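This report concerns a single protein model, shown below.

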Amino acid sequence: IQEWQNKVGVPVEVIISPSTIKNKIAYNEIAKGTNVKGWYDPNTGKAYIYLPNAESVKDVDETVMHEIIAHKGLRELLGKEKFDELCDAVWDMMSEKQRAEKLAYLNSTGAHRNATQQERQRAAADEYIAFLAENVQLKEDLTVFYKEHKGLMTYCLGGISIPANSFLRANRDYDFFIDIN
C-alpha cells in the first residue's frame, strides 16, 4: 500500500472492519454482502481497500489500480468535459454484452439510481475503463513489439493522448501506443 501511495501520490486507507467505513454507499453494499474490494471517495481524496474481501496481494494491487487510475486519475487529469467525452466514446465502442454487464453492476450497487440515462451510460463506461485499468492480462494481450520496442495497441483513444502519455510515464517498459481507432 505504501508503495502505491508513493507512486501515485494518493492516500490509500486499508479498512478491516465495516464499523470504520464512513462512505454510506460502500457501507450499505458491504452490509448487503456485495463483494466490495475498494472505492475512491472524491470527498476525502482517498482510495479505500476493504481487506476482508481481498483475495491476494495481486487483488489488492488491481483494486488500487481500479480506484486510483480509473476512477480518480483520468477524471482529474482530463477534467469533467473531456472525461465525459471519453466515457461517451467508450460507451459507443462497448459491446451490448459489456454495456449490459456494467449497467447490471451499477443496478446491483444502487449507485446512480436517480441519474439520467446519459449519466448512467457514462458511469457504466467509467466502470469499464476501470476494469481495463486493473486487468493485467488484458494489458499483456494488447502488448505488441516492433524492432525490440514494446508498445500497447489501443482502441478508441482517438485524439485523447493524455491517458496514453500518463500510461507511458507510469509504465517505463513501454515505448509507444498504436491506436487502431
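A polar atom of the Asn 23 side chain lies 2.9 Å from the backbone nitrogen of Ala 26; a polar contact is a pair of N or O atoms within 3.5 Å, where within protein one must be able to donate a hydrogen and the other to accept it, and residues adjacent in sequence count only if both atoms are side-chain atoms. The model is predicted, so that local features need pLDDT of at least 70 and side-chain atom pairs count only at pLDDT 80 or more, while totals for chains, interfaces and linings use all residues. Residues are numbered from 1 along each chain as its sequence is written, and side-chain values use heavy atoms, with hydrogens and water left out.

**Asn 23 and helix H2**

Asn 23 is found in the loop between strand E1 (12–15) and H2. Helices (H or I, at least four residues) and strands (E, at least two) are DSSP runs, numbered from the N terminus. Asn 23 caps the N-terminal end of H2, with a side-chain oxygen 3.1 Å from the backbone nitrogen of Ile 25. Apart from neighbours within four places in sequence, Asn 23 is in contact (heavy atoms within 4.5 Å) with Trp 39 and Asp 41.

Helix H2 spans residues 24–32, and its buried residues are Ala 26, Glu 29 and Ile 30. Buried means under 20% relative accessible area, exposed over 50%, and partly exposed in between, with a 1.4 Å probe and protein chains only. An α-helix has 3.6 residues a turn, so residues three or four places apart point the same way. The cover over the buried residues of H2 includes strand E2 (38–41), strand E3 (46–50) and helix H4 (96–109). On the face of H2 turned away from its buried side are the exposed residues Lys 24, Ala 31 and Lys 32. After H2 comes Gly 33, whose phi is positive, near 100 degrees.

**Salt bridges**

A salt bridge is a side-chain nitrogen of Lys or Arg within 4 Å of a carboxyl oxygen of Asp or Glu. By this rule the count comes to 12 salt bridges. The table lists some of them.

| Pair | Closest N to O distance |
|---|---|
| Lys 37 and Glu 55 | 3.5 Å |
| Lys 58 and Glu 62 | 3.2 Å |

In the salt bridge between Lys 37 and Glu 55, Lys 37 lies in the loop between H2 and E2 and Glu 55 in the loop between E3 and helix H3 (57–93), so the pair ties together parts that are 18 residues apart in sequence. Glu 55 is exposed, with a relative accessible area of 64%.

Glu 62 and Lys 58 are 4 residues apart in helix H3, and about one helical turn separates them. Is Glu 62 buried or exposed? Glu 62 is buried, at 15% relative accessible area, whereas Lys 58 counts as exposed at 53%.

Lys 82 and Glu 85 stand 3 residues apart in helix H3, again about one helical turn. Lys 82 is partly exposed, with a relative accessible area of 42%, and Glu 85 is partly exposed, with 38%. Salt bridges that share partners also join Lys 80, Asp 84, Asp 88 and Arg 122 into one network.

**Aromatic pair**

Rings of Phe, Tyr and Trp (its six-membered ring) pair if their centres lie within 6.5 Å; planes under 30 degrees apart count as stacked, over 60 as edge-to-face and the rest as tilted. The count by this rule is 1 aromatic pair. The ring centres of Trp 39 and Tyr 48 are 5.3 Å apart and the planes are at 15 degrees, so the pair is stacked. Trp 39 is buried, with a relative accessible area of 8%, and Tyr 48 is buried, with 10%.

**Nonpolar cores**

A nonpolar core is a set of buried Ala, Val, Leu, Ile, Met, Phe, Trp, Tyr and Cys residues joined through side-chain atoms within 4.5 Å. The largest nonpolar core has 16 residues, and those with the most contacts inside it include Leu 74, Phe 83, Leu 86 and Ile 129. H3 and helix H5 (117–134) each supply at least two residues of this core, and H3 gives the most, with 8 residues. Apart from this core lies another, of 9 residues, among them Trp 4, Ile 49, Val 60 and Met 65.

Not counting residues up to four places away in sequence, Phe 83 touches Ala 70, Leu 74, Arg 75, Leu 78 and Asp 126.
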